[in-house]
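Take a look at the chain below. Then use the briefing to find your way around the model.

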Amino acid sequence: MTIKRILIIDDEADVREIAKVSLEITRQWEVTTAASGEEGVRLAATHHPDAILLDVVMPKTDGLATLQQLSKNTDTCHIPVILLTATLRLATQQTFVAAGARAVLVKPFDPGLLGGQIESVLGWQ
């Protein structure tokens, strides 16, 4: 089985680190992190990850705007994006899926279950 490459885009350093360490330990995946939407779009285009975990609420460029940028770029439009949010309403979730998100996971997430949730959503099992 090939090693999956994941890009985590979140403005909170603690969230990035917890998710990174969790995925590296539980799944042995290669994980790259970005602290902003702008940085994440650049890294996605150069690193070509297998999936992106994207925080919804970020300063400057939020998750929805970042998702739209990723969707418009021919280098990144094929990469599945899973959104992370602390608040989840059905109407909001429908907006995210309509914008191209593959799924929405709620924060705080269980680090021990995160890899399995990603595999399940993306059919990697």
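The points below cover the whole chain first, then selected parts.

This is a predicted model: local features need pLDDT of at least 70, side-chain atom pairs count only at pLDDT 80 or more, and totals for chains, interfaces and linings use all residues. Residues are numbered from 1 along each chain as its sequence is written, and side-chain values use heavy atoms, with hydrogens and water left out.

**Overall layout**

- The chain has five helices and five strands. Helices (H or I, at least four residues) and strands (E, at least two) are DSSP runs, numbered from the N terminus.
- Read from the N terminus, the order of elements is β-α-β-α-β-α-β-α-β-α.
- The radius of gyration is 13 Å, close to the 14 Å that the globule rule gives for 125 residues, so the chain is as compact as a globular protein of that length. This radius is taken over C-alpha atoms, and the rule is 2.2 Å times the number of residues to the power 0.38.
- The C-alpha trace spans about 30 × 30 × 30 Å along its principal axes.

**Surface and contacts**

- Of the 125 residues, 44% are buried. Buried means under 20% relative accessible area, exposed means over 50%, and partly exposed lies in between (1.4 Å probe, protein chains only).
- Among contacts with a separation of 6 or more, 64% link residues 24 or more positions apart. Contact means heavy atoms within 4.5 Å.

**Strand β4**

- Strand β4 covers residues 81-85, and five of the five are buried, so the strand is largely enclosed by the rest of the structure.
- In a regular strand the side chains alternate between the two faces of the sheet.
- Both faces of β4 are covered, with Val 81, Leu 83 and Thr 85 buried on one side and Ile 82 and Leu 84 buried on the other.
- Strand β3 (residues 51-55) runs parallel to β4, and four bridges join them. Two strands pair if DSSP finds at least two bridges between them.
- Leu 53 stands opposite Ile 82 of β4.
- Thr 85 belongs to β4 and has a relative accessible area of 3%.
- Leaving out residues up to four places away in sequence, Thr 85 touches Val 56, Val 104, Leu 105, Val 106 and Lys 107.

**Helix α3**

- Gly 63, Thr 66, Leu 67 and Leu 70 are buried in helix α3 (residues 63-72). They cover an arc of only 100° around the axis, which puts them on the same side of α3. The arc is that of the directions from the helix axis to the C-beta atoms.
- Asp 62 caps the N-terminal end of α3, with a side-chain oxygen 3.3 Å from the backbone nitrogen of Leu 64.

- Lys 107 and Pro 108 are joined by a cis peptide bond, with omega about 0°. Pro 108 sits in the loop between β5 (103-106) and α5 (111-122).
- Gln 28 has phi near 55°, a positive value in a residue other than glycine. Gln 28 lies in the loop between α1 (13-27) and β2 (30-34), and is exposed at 52% relative accessible area.
- His 48 also has a positive phi, near 45°. His 48 is in the loop between α2 (37-47) and β3, and is partly exposed at 35%.

Notes
A polar contact is a pair of N or O atoms within 3.5 Å; within protein, one must be able to donate a hydrogen and the other to accept it, and residues adjacent in sequence count only if both atoms are side-chain atoms.
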